[in-house]
Structure formats: C-alpha cells, structure tokens
Amino acid sequence: MEPHSLLINPLVSRIAMTNFAVRSWTRLLMCRPTQFDVIHKGHNVYMTMSKPVDKQLAMKQWEDLRSTFTSIGVKVDVIENSPGLVDQVFCANCAVVWGGKALTSTMFNPPRREETDLTIEWFTNQGFQVQDSRPNGSFLEGCGDFAYNYDRKHAYLGYGFRSNEKSYNFVKDNLDFNGTEFHKLKLVSDKCYHLDTAMLNLSMGHALVFTPAFDKQSLDLIKEINGEENVIEISEEDCVTNFVPNAIPVQVGDKHYIVGMAFSPSLHAKLTSLGYEIIIAPYQEFRKSGGSIRCSVLDIGI
C-alpha cells in the first residue's frame, strides 16, 4: 500500500462542537476502476487529455483509498466496472441516497447514461427503495450535486452545469426531508461543475467553500446557514489543484478525519488547529478526468 500521512496534533483541544455529528460516512459505495480512462475531451475543464492515464497507478491509488477507509472503520461496498464505462468509477454521480431510498441519476453527458440501469439493479438487489429520475425529464447527477450538514438540519442541491434547477423539486418531492431544510445553490464557475467540487461540510460544523463557485444569493445562504465564523474560504489552489472540496469527512468516535488528495500548508494548519486529523490519500490520476476522492465514493448509509 502506498503510504499516506496521518497528521495529528494532540495538543489541539476539541472545539465545543465535538458531538455535532449525528452520523458519519460509515458506509460507502465504490466502483473498481478496471475500465477507467479519459477519452471524452472537454466534458469538464480538467479533461484536456494532455497526459495519458497511468492505469496501473490509478488502480493502486483506488485500492489504497479503499484501504484507507476500511482502516478507520468505514464499510466499503464495491460495484464492478462494466465494459466500456470509463467514468463509472465516479459513482458519487449515480444516485442521491437519503433515508434508505436511492434516486438514480439522469446524466448530462450521453456516454454516462448507460450507468443508470446498472445503478438501479445494484440498489434494488441491496434492498433499497429505488426511484428512476429519468421520467422527470431533468438532469440530476446524484451526490455530485447533493450535500448535507452533519446535524442533518440542512441539505443542498447544486445546479448550473450538470444537474439543473428543475431537479430540485424532483428531489424535494421524492425524499423524506422531515426535520431537514432543503436548499438549492447555483454554481457559476466551470471550475466547479458539481457541488462536491465547490463546498465540503465537515463533521464539526465547518464548511470549506470556494466562494467564486457560487452566485451571491447562494453564497449568502451558505453563510447564513452555517454562520460566517464556520465558513472557511479556500484558495483557488486548494479548490482547483488540490480538489479539497472533494475530500471526505469521517467521524469515528471523538476523531474527526478528513481524507483528501492534497492540502495547502496554510489550510492544513487551519484544519488541524480546529481539531481535524488529515489523511492524505494520493489520487492525482483521477484528477485527469476532473474527479477526485469524493467523486469516487457514494455515501449509502445516510
């Protein structure tokens, strides 16, 4: 296994929100990337095809990521990659999962639309209640554009590039958000084509936000909901190069992990000072397709 660094600052006391989380990312779905490649230029600004994918390294990075999750107590289910589906590894986009129900996606880009029937089959076989979004006639790209605060009082749907605004009502009408306020956030930067490339809600109540990704109304809403003191504005380096919003927050007991590909020294220091423990999991081969860690996992324990 490729070594990763677990960076812990034992001198940092926990902030008052230690018990903020009512759940963590305890059960994830991942797709083994046997077919992964970058063959569709321009589906996002990162898919330049300027460098070929090192498929052996990509598989190693994926296996190491899975091992990282299991080493901290996360259960990982694996779906196998179907022939020809080069982007199926990014299974965060295949469904919105909430309360044991899966709303399967309608992908914006045609090459990914074959994934939906496979997604329906997998969730049905696992005993989930499944609803196909395709008859709704809107684009919905799963948990790539869906997020929630750890106390479950607020959830969000991002729209503007892949998922469209019409899908907000479909999600709202077909999931049980009892006790949860459901909001929509407009994305305006093509560097952040999914919500999970623009914002990360952490387990102690903080939100990492790349502010240029949102229109003013959405950004004001994020600050109002989370409190300006809990919104940590991240740099373009941490958003575009390090893909920090695409990290995964995992709470295990009183430990608050963030599993990510890379962090700038200043953001790393800020997060550790707040009591988070950073796990670095190299995943750069997948960035060639405009994805990273969170794109490759779907939280199915919600």
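Contact here means heavy atoms within 4.5 Å. Helices (H or I, at least four residues) and strands (E, at least two) are DSSP runs, numbered from the N terminus. This is a predicted model, where local features need pLDDT of at least 70, side-chain atom pairs count only at pLDDT 80 or more, and totals for chains, interfaces and linings use all residues. Residues are numbered from 1 along each chain as its sequence is written, and side-chain values use heavy atoms, with hydrogens and water left out.

I'll start with helix 2. It spans residues 115–125, and Glu115, Thr116, Thr119, Trp122 and Phe123 in it are buried. Buried means under 20% relative accessible area, exposed over 50%, and partly exposed in between, with a 1.4 Å probe and protein chains only. These five cover an arc of only 125° around the axis, so they sit on the same side of helix 2. The arc is that of the directions from the helix axis to the C-beta atoms.

What do the buried residues of helix 2 pack against? The partners are strand 2 (27–32), strand 3 (75–80), strand 4 (95–98), strand 5 (101–104), strand 6 (129–132) and strand 16 (298–299). After helix 2 comes Gly127, with a positive phi near 90°.

Now the salt bridges. I count a side-chain nitrogen of Lys or Arg within 4 Å of a carboxyl oxygen of Asp or Glu. By that rule the structure holds 17.

One of them joins Asp77 and Arg27, with the closest N and O atoms 3.0 Å apart. Asp77 is in strand 3 and Arg27 in strand 2, so the pair ties together parts 50 residues apart in sequence. Asp77 is buried at 11% relative accessibility, while Arg27 is partly exposed at 22%.

Another is between Arg162 and Glu141, at 3.3 Å, N to O. Arg162 sits in the loop between strand 8 (154–159) and helix 3 (166–174), and Glu141 in the loop between strand 6 and strand 7 (146–148); the pair links distant parts of the chain, 21 residues apart. Arg162 counts as buried at 8%, and Glu141 counts as buried at 1%.

Next, Glu236 and Lys191 meet at 2.6 Å, N to O. Glu236 lies in helix 5 (residues 236–241) and Lys191 in the loop between strand 9 (181–186) and strand 10 (199–201), so this pair ties together parts 45 residues apart in sequence. Glu236 is partly exposed at 42% relative accessibility, and Lys191 is partly exposed at 29%.

Last item: Arg32, Glu63, Arg66 and Glu80 are linked in a network of salt bridges.
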